[in-house]
Amino acid sequence: MAGFQVLTVSQLCRYVKSLLEEQRQLEDVMVKGEVSNLSFKQMSGHLYFSIRDEGGLVRCVMFSRYVQNLPEIPENGAFVLVRGAATLYERDGAFQLMVYDIQPLGAGQGKQDMDALKRRLQGEGLFDPARKRPLPPFPDTIGVITSREGAALQDIIRSFRRRGYGGRLILYPCLVQGAGAPASVLRALDAMEQENLCQAAVIARGGGSSEDLSAFNDEELARRVCRCGVPVVSAVGHEVDFTILDLVADARAATPTAAGELMAPHRDALAQRVNTLREAIQSRAREQLRRQRQRLDQDIRLLSAVSPGERVKKNRQRLDYLVRLLVDAQRHRTQALRGRTLSLVRQLELLNPAAVMRKGWSVATLEGKVLTTVAEVTEGQRLTTILADGEVISVVQSYHRKGEAYAEETGH
């Protein structure tokens, strides 16, 4: 190493910074590009972002004394013209612009392309909540699609462990950054579906710049997630980060840690759920038992009503009733007949010759024929007179009619 000066990292960074700041043409430059990775620090008021085009990216910082002069803070994807000085941030050894003015030029091409893709997918219904599937409440196996080395995997494992998840997590490793990331995620999804072991899946990545998360804005990946055979949760970046994957996924977790809270029921919640289900089952069983008992009682009553014994009992009761009616009718009829008989007997008694004879009357007969007029007899005939207690035989010596007898007695 003779003849060479050995520098420390700090010395090298300081030297490069001085070289940049000595270039007068770099003291006040204007650069146009698309805003990305924008971060506004509320506490300090400083604004950090990058501007990029298809060939490169430059970090930028705008201190609060300049930020407060902006009409509005630009958004990611905005196409802007920035004015500032080129320098080197020694701590990171990163080239950057110290910006003191930002002029909006419209939407950048990247944002325009992204907006166009969103409109197209939305028009096809890929963002429609009605299309999205509910997550299984108690999945036995969950597929985790993320980098094997990334912090997102450990965050997910810790989150599921804290909630006492009793199922399995199966890792399907993939790239989560760079040009090859979308294809890698697609292969992981294919592998998961081929194994057919999972009831749900989570695609995860930790926070990063918009460029770092660009893999999850891929159109083919968005369509593949919609066709996935199981519900998919997007857990990409931090809460403020938003990708197309978040829009097409069946559910979004703000962070990989939140994915565990979203997909794995807590042990206490499970216990409460079990108790609720137990009470519901018991209540339903009691209600069904009560209904079955009522139905059984009703069936017993119906069977009793049509049973031979019950019919015999009812017929016996009816027979007894009819017998009583018959006896009463017969009694009434007998009494009526007895009364009529007695009436007839009394009438017969009144018409009975013997009864009349007992009162002093008699009946005269001639040769067995009852005499009704004097003209029927002549002198010398033998008459039989019937009395109440016998007969008298007599010979007719004389007779006379009532008129004649009356004439004799009166002397006419």
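Two residues are in contact when they have heavy atoms within 4.5 Å of each other. Keep that in mind as we walk through this structure, which is a predicted model.

Glutamate 391 sits in strand S14, which covers residues 390-395. Setting aside neighbours within four places in sequence, glutamate 391 is in contact with Thr384, Thr385 and Ile386. Is this residue buried or exposed? Glutamate 391 is exposed, with a relative accessible area of 58%.

Now turn to serine 50, in strand S2 (residues 47-53). Serine 50 has a relative accessibility of 6%, so it counts as buried. Apart from neighbours within four places in sequence, the contacts of serine 50 are Glu34, Val35, Ser36, Asn37, Leu57, Val58, Arg59 and Cys60. One of these contacts, Asn37, deserves a visit of its own. Asparagine 37 belongs to strand S1, residues 29-40. Its relative accessibility is 21%, so asparagine 37 counts as partly exposed. The backbone of asparagine 37 has a phi near 55 degrees, a positive value in a residue other than glycine. As background, most residues other than glycine have a negative phi.

You will find asparagine 196 in the loop between H5 and S8. With a relative accessible area of 64%, asparagine 196 is exposed.

In soluble globular proteins, nonpolar side chains tend to be buried together. Here the largest nonpolar core has 32 residues, and those with the most contacts inside it include Ile145, Leu189, Met192, Ile203 and Phe216. Several elements give two or more residues to this core: helix H3 (109-123), strand S7 (168-173), helix H5 (181-195), strand S8 (200-205), helix H6 (219-227), strand S9 (232-236) and helix H7 (244-248). Which of them gives the most? That is H5, with 6 residues.

Leaving out neighbours within four places in sequence, phenylalanine 216 is in contact with Val176, Val185, Ile203, Arg205, Leu221, Val236, Thr243, Ile244 and Leu245. There is also a second, separate core of 18 residues, with Leu153, Val202, Ala235 and Ala259 among them.

Let us go back to H5 and see how it meets H6. The two helices pack at an angle of about 15 degrees, and their axes are 10 Å apart. Angles under 35 degrees count as roughly parallel, and H5 and H6 are therefore roughly parallel to each other. Their crossing is left-handed. On the H5 side, Val185, Leu186, Leu189, Asp190 and Glu193 take part, and they meet Glu220, Leu221, Arg224 and Val225 in H6.

Not counting residues up to four places away in sequence, arginine 224 touches Leu186, Leu189, Asp190 and Glu193.

Our last stop is the aromatic rings. A pair of aromatic rings is described by the distance of the centres and the angle of the planes. How many aromatic pairs are there in this model? The count comes to 2. Tyrosine 66 lies in helix H2 (residues 64-67) and tyrosine 100 in strand S5 (residues 94-107), so the pair ties together parts that are 34 residues apart in sequence. Tyrosine 66 is partly exposed, with a relative accessible area of 27%, and tyrosine 100 is partly exposed at 29%.

Phenylalanine 160 and tyrosine 165 also form an aromatic pair, and this one is edge-to-face, with 5.2 Å from centre to centre and 70 degrees between the planes. Both phenylalanine 160 and tyrosine 165 are buried.

Conventions
Residues numbered from 1 in each chain as written. Predicted model: local features only at pLDDT ≥ 70, side-chain atom pairs only at ≥ 80, totals over all residues. Heavy atoms only, no water. Core = buried A, V, L, I, M, F, W, Y, C linked by side-chain atoms within 4.5 Å. Buried < 20%, exposed > 50% of the residue type's maximum accessible area, 1.4 Å probe, protein only. Helix = DSSP H or I, 4+ residues; strand = E, 2+ residues; numbered from the N terminus. Phe/Tyr/Trp six-rings, centres within 6.5 Å; stacked < 30°, edge-to-face > 60°. Axes fitted to C-alpha atoms, helices over the stretch in contact; angles between N-to-C directions. Parallel < 35°, antiparallel > 145°, perpendicular 65-115°, else oblique. Left-handed = near helix turned anticlockwise from the far one by under 90°.
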